[in-house]
Amino acid sequence: MLLSSSILLLLSFLSYTSGAPLLERSSETDPLVKRSSETNYLVNCYNAAELFYTSEMAYYSNGANSQNGQYPNDICQVDLIGYEKWEGHSVSCTYSDSGVTFTSNIYSFAQSEPNYSLAGTGSNNYHNFNCYKDNGRILYNSDYTNCYSIYYCLDA
């Protein structure tokens with residue numbers, strides 16, 4: 001009983017300091033589940049067959065569906081002739097399917113910070129986001145192109 005009370009107290013504290021619940025219940029009888037949220041990724045892609053580099057923004061309506069190589073719900077091309085420098089200025093891109101424009105503002109020093117650190121902010125017409133440095137993992141791939149996650153942005 002003391003251990004479960006301590007865990008709930010810790011989760012309450014973490015929820016208070018982060019501003020959002022870490023776990024949610026749909027009812028008092030349902031088990032706790034992880035909260036999912038939309039996620040925007042800033043990615044750099046490399047096509048090994050044609051030897052070209054691009055930068056994209058990738059949108060997942062449910063961020064939990066971005067953990068095992070799943071293809072995003074929507075993509076926009078930021079730079080077709082090389083990698084975008086994400087840091088130190090605003091970068092905007094309009095997603096092709098939804099028509100929604102996402103704008104990132106990544107701190108100029110963000111690449112020197114540890115993985116998963118706060119790296120900047122983002123916004124679209126509906127939400128504000130906090131952006132975090134990712135670990136460079138392959139987020140998704142298609143047609144000889146690997147797209148690597150540089151930053152990810154979650155609802156603020």
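**Fold order.** I read the order of elements along the sequence as α-β-β-β-β-β-β-β-β-β-β-β, that is, 1 helix and 11 strands. I took helices (H or I, at least four residues) and strands (E, at least two) as DSSP runs, numbered from the N terminus.

**Basis.** I note that this is a predicted model, in which local features need pLDDT of at least 70, side-chain atom pairs count only at pLDDT 80 or more, and totals for chains, interfaces and linings use all residues. Residues are numbered from 1 along each chain as its sequence is written, and side-chain values use heavy atoms, with hydrogens and water left out.

**Disulfides.** I searched for pairs of cysteine sulfur atoms within 2.5 Å, the criterion for a disulfide, and the count came to 3. With bonded cysteines counted along the chain, I recorded the pattern 1-5, 2-3, 4-6.

I looked up Cys-45 and Cys-147, which are joined with S to S 2.1 Å. The torsion about their S-S bond is about 110°, so this disulfide is right-handed. Cys-45 lies in strand E3 (residues 39-47) and Cys-147 in strand E11 (residues 145-155), so the pair ties together parts 102 residues apart in sequence. For burial I used relative accessible area: buried is under 20%, exposed over 50% and partly exposed in between (1.4 Å probe, protein chains only). Cys-45 is buried at 0%, and Cys-147 is buried at 3%.

I next found Cys-76 bonded to Cys-93, with the sulfur atoms 2.2 Å apart. Cys-76 belongs to strand E5 (residues 74-79) and Cys-93 to strand E6 (residues 90-94), so the pair ties together parts 17 residues apart in sequence. Cys-76 counts as buried at 2%, as does Cys-93 at 7%.

The remaining entry concerns Cys-131 and Cys-153, joined with S to S 2.1 Å. I read 105° about the S-S bond, a right-handed link. Cys-131 sits in strand E9 (residues 128-133) and Cys-153 in strand E11, 22 residues apart. Both Cys-131 and Cys-153 are buried.

**Thr-103.** I located Thr-103 in strand E7 (residues 101-106) and noted that Thr-103 is buried, at 17% relative accessibility. Its side chain makes a polar contact with the side chain of Ser-92 at 2.7 Å; such a contact is a pair of N or O atoms within 3.5 Å, and within protein one must be able to donate a hydrogen and the other to accept it, with residues adjacent in sequence counting only if both atoms are side-chain atoms.

**Overall burial.** Of the 156 residues, I noted that 35% count as buried.
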